[in-house]
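Student: I have a new model open and want to learn to read it. Can you take me through the features one by one?
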Amino acid sequence: MQTALRLLSIKQAMQYLGVKSYNTFKTNYLNEGLPLIVINNSKKVDKSDIDRFLNDHKVSEVKS
């Protein structure tokens, strides 16, 4: 039985979010407050942080 990954690589995090460009990921997510975990120059994103970030950025209506 395979357990779900909690810490995702940048590439895995981008796939989880459906983002194809690193620049888009950096601009729309990292620069907007999605936290990174850095261990020995290895960058990871906690899946629960992604879910929390998305939940915190929900809007009930889009303003034109």
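Tutor: Start with helix 2. Its buried residues pack against helix 1, strand 3 (42-46) and helix 3 (47-56). Contact here means heavy atoms within 4.5 Å. Helices (H or I, at least four residues) and strands (E, at least two) are DSSP runs, numbered from the N terminus.

Student: What should I know about the model itself?
Tutor: This is a predicted model: local features need pLDDT of at least 70, side-chain atom pairs count only at pLDDT 80 or more, and totals for chains, interfaces and linings use all residues. Residues are numbered from 1 along each chain as its sequence is written, and side-chain values use heavy atoms, with hydrogens and water left out.

Student: Which residues of helix 2 are buried?
Tutor: Buried means under 20% relative accessible area, exposed means over 50%, and partly exposed lies in between (1.4 Å probe, protein chains only). In helix 2, the buried residues are Phe25, Tyr29 and Leu30. Viewed down the axis of helix 2, they fall within an arc of 75 degrees, so they line one face of the helix. The arc is that of the directions from the helix axis to the C-beta atoms.

Student: Which residues are buried in helix 3?
Tutor: Asp49, Ile50 and Phe53 are the buried residues of helix 3. Their arc around the axis is only 100 degrees, which puts them on the same side of helix 3. The buried residues of helix 3 pack against strand 1, helix 1, helix 2 and strand 3.

Student: At what angle do helix 1 and helix 2 pack?
Tutor: First, the method. Axes are lines fitted to C-alpha atoms, for helices over the stretch in contact, and angles run from 0 to 180 degrees between N-to-C directions. Helix 1 (residues 10-17) and helix 2 (residues 22-30) pack at about 75 degrees, and their axes are 11 Å apart. That makes helix 1 roughly perpendicular to helix 2. The classes: under 35 degrees is roughly parallel, over 145 roughly antiparallel, 65 to 115 roughly perpendicular, and the rest oblique.

Student: Which residues meet there?
Tutor: From helix 1, Ile10, Ala13, Met14 and Leu17. From helix 2, Tyr22, Phe25 and Tyr29. The residues of this contact divide into seven nonpolar, no polar and no charged. Here Ala, Val, Leu, Ile, Met, Phe, Trp, Tyr, Cys and Pro count as nonpolar, Asp, Glu, Lys and Arg as charged, and the others, Gly among them, as polar.

Student: How many aromatic pairs are there in the whole structure?
Tutor: A pair of aromatic rings is described by the distance of the centres and the angle of the planes. Rings of Phe, Tyr and Trp (its six-membered ring) pair if their centres lie within 6.5 Å; planes under 30 degrees apart count as stacked, over 60 as edge-to-face and the rest as tilted. A search of the whole structure finds three pairs. In one of them, Tyr22 and Phe25, the ring centres are 6.3 Å apart and the planes are at 45 degrees, so the pair is tilted. These two residues are three apart in helix 2, about one helical turn. Tyr22 is partly exposed at 38% relative accessible area, whereas Phe25 is buried at 0%. For Phe25 and Tyr29, the centres are 6.0 Å apart and the planes at 25 degrees, so that pair is stacked. Phe25 and Tyr29 are four residues apart in helix 2, about one turn.

Student: Which residues do the ring pairs link?
Tutor: Tyr22, Phe25, Tyr29 and Phe53 form a cluster through ring pairs.

Student: What is the phi of Asn40, and what is that of Asn41?
Tutor: Asn40 has phi near 50 degrees, a positive value in a residue other than glycine. Asn41 also has a positive phi, near 65 degrees. Asn40 lies in the loop between strand 2 (37-39) and strand 3, and Asn41 is in that loop too. Asn40 is exposed at 75% relative accessibility. Asn41 is exposed, also at 75%.

Student: Where is Leu5, and what does it touch?
Tutor: Leu5 sits in the segment before strand 1 (7-9). Leu5 is partly exposed, with a relative accessible area of 48%. Not counting residues up to four places away in sequence, Leu5 touches Gln12 and Lys47.

Student: What pattern does the chain follow along the sequence?
Tutor: The pattern is β-α-α-β-β-α, with three helices and three strands. Of the 64 residues in the chain, 25% are buried.
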